[in-house]
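Subject: Structure handover

Hello,

Here is the structure that you asked to look at. Please open it first, then read the notes below it.

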Amino acid sequence: MLKLYNTLTKKIEEFTPLNPPKVGMYTCGQTVYDYTHVGHLRTYIGEDILRRVLVSNGYDVKHVQNVTDVGHLTSDADEGDDKLDKRAKERGQTVWEVARFFEKYHFDSLEQVNVLKPSVICRATEHINEQIKLIEQLFKKGYTYQSEQAIYFDTSKLADYGKLTGQKLEEKKVGVRDEVVVDPDKKHPADFALWFFTVGHFKDHTMRWSSPWGEGFPGWHIECSAMSMEYLGNTLDIHAGGIDHIPVHHTNEIAQSEAATGQQFSRYWVHFGWLLIDGEKMSKSKKNFYTIDEISDKGFDPLALRYLFMTAHYRDMQNFTWESLEAAQNALNKIREEIRAWESPKIGCAEFQQRFLEAANNDLNMPQAVAVLHELIRSDYPTSSKARSILEMDKILGLKLDEYLGKPLEIPEEVRKLVEQRKKARLDKDFKKSDELRKEIKALGFEVEDTPDGPKVKTLN
Ligand code: AMP
Ligand code: ZN
């Protein structure tokens, strides 16, 4: 039985979908004006593990993810900047080219860390009508008011606004960071724009559409409500994202969706802790980030990052260091090396598989699940049994262990020859030559380890 911490109730709850075995899950996607970094990947890998755990429990998951490709102010933007317009100028491209470039970068990054492709990928710019319809519903029900600059959601009209954080509206004095442009006609700092008009601050905004209220572009939050309900119905089973989204983005999504439909928007809210660097949130605006390509360029396998993320609990913060990534890479290499010698899978070890799933089902306790994986590897079960179990576990781990299981390392003839030459050089005590040969071997992607039984060859990753 799967248990999840639900931010809405602040409790670990048994997970039960509305229409089993179907599960509708929505994950907030990328704002595509900059590179997806490994901080983002922590959340996306966490969501991927959640999806895989749901599937392992027999659920049929429909996973929807949006692409925030409307240029506007998001919570990660500096004051008053439309990053998409700004980036387009910097790069000498159109806003559309910038959006498509970073969208591709995003999904390529996800593929590198073996995150399953969402069942539906929806772009905000391709769902403007759905967003307008939702705003119309809110307008008709009296939840909106209009200023010269924008149409706002009136948070004072909703009795339980802010229930996700438990904050009372009157406590929410500080203006939301995504609407930093001062509008004297905005009634309350927590009120948020559903639609911006291309006037004043936004008069040069490139992306614009006509609407019943005038030309403009949608606010950030409305796209997630409109698209999630379009593809998953009025009530989602799970809505997920990083913890930064709790007080504003997700709070506002709940407000506008429930105001429009009168139904519960999402039954479970799952939030992922940040990846930190030097104790601070890794973020686009602070520019303190690494991309997955930078990780690979330093010789790491992207899947080592995935492994690293599974060594911390998803709700805790995790500090990124190169040392911890190196330790993850070594641990992964060891697993790969070990399973290369295993026999073909036969009947699995039920006890280990059960304990592994129990850990994953216990609010996605992946550090515990990884510990069970290592116990299985060390156990005395026949390798054919361990092989079956490790493949089962990898359906959740997503470490592509099948690429290594029972596949002894193939050492190219060229490398074999160099290893022999190096062995001879060492016997002749010509250590200079042996070092040079080691470098040549390394350049071909292999490493020699001198053991009491003679040299052992491994791949670098
Ligand atoms: P954004 O494009 O900034 O809205 O971020 C996309 C997703 O990544 C959201 O769910 C964020 O909460 C999440 N995210 C952003 N930065 C981090 C971080 N440093 N660690 C974990 N998740 C993050
Ligand atoms: Zn969202």
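Let us start with one residue. Thr43 counts as buried because its relative accessibility is 12%; buried means under 20% relative accessible area, exposed over 50% and partly exposed in between, with a 1.4 Å probe and protein chains only. Thr43 is placed in helix α1. Helices (H or I, at least four residues) and strands (E, at least two) are DSSP runs, numbered from the N terminus.

Some notes on the source. This is a predicted model, in which local features need pLDDT of at least 70 and side-chain atom pairs count only at pLDDT 80 or more, while totals for chains, interfaces and linings use all residues. Residues are numbered from 1 along each chain as its sequence is written, chains are lettered from A and ligands numbered from 1 in the order in which they are written, and side-chain values use heavy atoms, with hydrogens and water left out.

Overall picture

The protein has 14 helices and 16 strands. Of its 461 residues, 54% count as buried. Its C-alpha atoms fill a box of roughly 85 × 50 × 35 Å, taken along the principal axes. Among contacts between residues at least 6 apart in sequence, 74% join residues at least 24 apart.

The domain assignment gives domain 1 (3-272), domain 2 (277-403) and domain 3 (413-459); such bounds come from an automatic or database assignment. Taken over C-alpha atoms, the centres of domain 2 and domain 3 are separated by 30 Å.

Cores

A nonpolar core is a set of buried Ala, Val, Leu, Ile, Met, Phe, Trp, Tyr and Cys residues joined through side-chain atoms within 4.5 Å. The largest one has 127 residues, and Leu54, Ile238 and Leu305 have the most contacts inside it. Helix α1 (residues 38-56) gives the largest share of this core, eight residues. At least three residues of the core come from each of domain 1 (3-272) and domain 2 (277-403). Another core, of nine residues, lies apart from it and includes Leu418, Leu437, Phe446 and Val448.

What does Leu54 touch, leaving out residues up to four places away in sequence? The list is Leu2, Phe15, Val23, Met25, Tyr59, Val61 and Ile238.

Zinc site

The zinc ion (ligand 2) is coordinated by Cys28 (SG), Cys224 (SG), His249 (NE2) and Glu253 (OE), at 2.0 to 2.8 Å. Donors are N, O and S atoms within 2.8 Å of the metal (3.2 Å for Na, K and Ca); water is not among the atoms, so sites may look incomplete. The angles among the four donor atoms are 70 to 130°, and the site is irregular. Four donors count as tetrahedral if all angles lie between 85 and 135 degrees; four count as square planar and six as octahedral if opposite donors are over 155 degrees apart and all others between 65 and 115; anything else is irregular.

Cys28 lies in the loop between β3 (22-27) and α1, and His249 in helix α6 (residues 246-261), so the pair ties together parts that are 221 residues apart in sequence. His249 counts as buried because its relative accessibility is 2%.

Regards

Terms used
Contact means heavy atoms within 4.5 Å.
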